[in-house]
Amino acid sequence: EKIEAGTAAVKESSELKAQLEGDLKKHKADRDDAKATLAEAKALREKEAAAFAKDKAASEANIAAIKKAVAALEKGAGATFLQTPAAAAIRTYAMERANLPDTSRDELVAFLSTSEAGGYSPQSGEITGILKQMGDEM
């Protein structure tokens, strides 16, 4: 009777050991999957952070260019401003990314594409208003 009980205990222990080894193998696989998922998520976050930093820098540069443009136009220095890199940056932004009505975009791009302010009158404020609107919406 004791031998049978011992044999049953050994068998039960062997079955438990086999079950625990199977559980351990499954848990290791789950852990490896979790590590891989974590690595993928980290890489995605880093990629998104880099894209955000790039967009943020571009937005800050565009805002600075708009502020320079508004200040120059309000001082009556439109012709001088048109020859700066800031004018080119605003023109590019207006053509590619700005959320403007087509008429405003066309007017602004036409103004920024000229080499001189020509007949632009700072008192009319049309271009200055468009630029201020762009700056407010950024």
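Biologist: Why does Glu 96 count as exposed?
Modeller: In this predicted model, Glu 96 has a relative accessibility of 60%, and since the word exposed is kept for values over 50%, Glu 96 counts as exposed. Glu 96 lies in helix H3, and its C-alpha atom is separated by 20 Å from that of Lys 68, which is 28 residues apart from it along the chain.

Biologist: Why is Asn 62 called buried?
Modeller: The relative accessible area of Asn 62 is 12%, and buried means under 20%, so Asn 62 is called buried. Asn 62 lies in helix H1, where, leaving aside residues up to four places away in sequence, it touches Ala 89, Tyr 93 and Met 138.

Biologist: How do you know that the length of H3 agrees with what its 12 residues should span?
Modeller: At 1.5 Å a residue, with one less than the number of residues counted, the 12 residues of H3 should span 16 Å, and the C-alpha atoms at its ends are 16 Å apart, so the two values agree.

Biologist: Which residues of H3 are buried?
Modeller: The buried residues of H3 are Ala 86, Ala 87, Ile 90, Tyr 93 and Ala 94. They cover an arc of only 125° around the axis, and therefore they sit on the same side of H3. On the other side of H3, Pro 85 and Glu 96 are exposed.

Biologist: What covers the buried residues of H3?
Modeller: The cover includes H1, helix H2 (78-81), helix H4 (102-113) and helix H5 (126-137).

Biologist: How do the axes of helix H1 and helix H3 cross, and which residues make the contact?
Modeller: The axes of helix H1 (residues 2-74) and helix H3 (residues 85-96) come within 9 Å and cross at roughly 120°, and this crossing is left-handed. The contact is made by Asn 62, Ala 65, Ile 66, Lys 68 and Ala 69 of H1, together with Ala 86, Ala 89, Ile 90 and Tyr 93 of H3. Sorted by kind, the residues of this contact divide into 7 nonpolar, 1 polar and 1 charged.

Technical notes:
Residues are numbered from 1 along each chain as its sequence is written. This is a predicted model: local features need pLDDT of at least 70, side-chain atom pairs count only at pLDDT 80 or more; totals for chains, interfaces and linings use all residues. Side-chain values use heavy atoms; hydrogens and water are left out. Axes are lines fitted to C-alpha atoms, for helices over the stretch in contact, and angles run from 0 to 180 degrees between N-to-C directions. Helices (H or I, at least four residues) and strands (E, at least two) are DSSP runs, numbered from the N terminus. A crossing is left-handed if the near helix is turned anticlockwise from the far one by less than a right angle, and right-handed if clockwise. Contact means heavy atoms within 4.5 Å. Ala, Val, Leu, Ile, Met, Phe, Trp, Tyr, Cys and Pro count as nonpolar, Asp, Glu, Lys and Arg as charged, and the others, Gly among them, as polar. Buried means under 20% relative accessible area, exposed over 50%, partly exposed in between (1.4 Å probe, protein chains only). The arc is that of the directions from the helix axis to the C-beta atoms.
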